[in-house]
Amino acid sequence: MVSCSDSRVPNELIFDQGLGDLFIIRTAGQVSSAASYGSMEYAVLKLYTRLIVVLGHTDCGAVAAAVQRPEDVPGHIVTLINEIKPAVAKCANMPGDPVNNAVRQNVIDQVSALRDLDPILQKKYVKGEILIVGAVYNIHTGKVEFLDETMQDLPEKTK
């Protein structure tokens, strides 16, 4: 699971799993970096993970910050916002809630980036050895929506 750091997103409870049943990488806005990539590659190579789910959530604070574009963002927080800005731009003119639209697009963008990540994830994905999909957790209803945009044209599973 590549999930947000937000405590309102308890992965084990959402997917009815026990402690230790999921390998979870949590960062604000589920923005990945070199350490996150290494953790995913470790999960795939050493723990034989076959599914990576990028899980965004409604009303995400990191995405809201990217939508609001505050001035003088302190420290490294700006790196999170900068990674989310392309998703915000892609859905700037869409009807509906700008934060939740951007949450959805950010998940789609993160899935795409992971599918293209060399050297390990991209090769394993193309060969059908792993799947990388995206979903959004609604913090108000408790429901998870797997995003159709990330469920299409999946590679065939290898034997």
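I count two strands as paired if DSSP finds at least two bridges between them. Helices (H or I, at least four residues) and strands (E, at least two) are DSSP runs, numbered from the N terminus.

**Ground rules.** The model is predicted, so to speak of local features I need pLDDT of at least 70, side-chain atom pairs count only at pLDDT 80 or more, and totals for chains, interfaces and linings use all residues. Residues are numbered from 1 along each chain as its sequence is written, and side-chain values use heavy atoms, with hydrogens and water left out.

**Sheet.** I found an open sheet of 5 strands with mixed pairing, in the order E2-E1-E3-E4-E5. Strands E2 (25-26) and E5 (144-146) stand at the edges with a single partner strand each, so one side of each has no neighbour in the sheet. E1 (residues 2-3) and E2 run parallel, joined by 2 bridges. Ser3 stands opposite Arg26 in E2.

**Helix on the sheet.** Helix H5 (residues 98-115) packs on the sheet and touches E1, E3, E4 (131-137) and E5. Contact means heavy atoms within 4.5 Å. The direction of H5 makes about 165° with that of E4. Axes are lines fitted to C-alpha atoms, for helices over the stretch in contact, and angles run from 0 to 180 degrees between N-to-C directions.

**Lining by element.** E3 (51-57) and helix H2 (34-46) each give two or more residues to the lining of the largest pocket. E3 gives the most, with 3 residues. A pocket is an open set of points on a 1 Å grid over the protein atoms alone, where a 1.4 Å probe fits, with protein on both sides within 12 Å along at least five of seven lines; lining residues have an atom within 4 Å of a point.
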